[in-house]
Amino acid sequence: MPDIQIRDLTIEYSSGGYAVRPFDGFDLDLQTGSLVLLLGASGCGKTTLLSVLASLLTPTSGTVRVGDTEVTSLTGSSLTEYRQRGVGVVFQ
């Protein structure tokens, strides 16, 4: 099993009256030790993906699993513990 597994990730929001979907059915598997680069134009969804992995943003649909934890189903104290102990975010 991958260490990070994203399945059928869809993120949708409204901007100027239009629906925007930076991710629509996105899948990704990552193993420990993998080097991953997020490259793309401004507004393409790089920060959005990182925000979902850190559970700062809830996707419209799909699942994100980090290790044995399904991040997209966490709530309350489990979510707080994941953010404190499971993930780190450094804002630029």
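This is a predicted model: local features need pLDDT of at least 70, side-chain atom pairs count only at pLDDT 80 or more; totals for chains, interfaces and linings use all residues.
Q: What does the radius of gyration say about the chain?

A: The radius is taken over C-alpha atoms, and the globule rule is 2.2 Å times the number of residues to the power 0.38. For 92 residues a compact globule would come out near 12 Å, and the chain has 13 Å, which agrees. Along its principal axes, the C-alpha trace spans about 35 × 30 × 30 Å.

Q: How do I read burial, and is S51 buried or exposed?

A: Burial rests on relative accessible area: buried means under 20%, exposed over 50%, and partly exposed in between (1.4 Å probe, protein chains only). S51 has a relative accessible area of 19%, so it is buried. This serine lies in helix 1 (residues 46-53). Across the chain, buried residues make up 24% of the 92 residues.

Q: Which residues is S51 in contact with, leaving aside its neighbours within four places in sequence?

A: Contact means heavy atoms within 4.5 Å. On that basis, S51 is in contact with L56 and L57. For the chain, take the contacts between residues at least 6 apart in sequence: 51% of them join residues at least 24 apart.

Q: Where is T58, and is T58 buried or exposed?

A: T58 is found in the loop between helix 1 and strand 3 (61-66). With a relative accessible area of 66%, T58 is exposed. The C-alpha atoms of T58 and T72 are separated by 6.9 Å, while the two residues are 14 residues apart along the chain.

Q: Which value of phi does S55 have, and what about D8?

A: S55 has a positive phi of about 65° although it is not a glycine. S55 lies in the loop between helix 1 and strand 3 and is buried, at 11% relative accessible area. D8, also not a glycine, has a positive phi near 50°. D8 lies in strand 1 (residues 4-15) and counts as partly exposed, at 46% relative accessibility.

Key: Residues are numbered from 1 along each chain as its sequence is written. Side-chain values use heavy atoms; hydrogens and water are left out. Helices (H or I, at least four residues) and strands (E, at least two) are DSSP runs, numbered from the N terminus.
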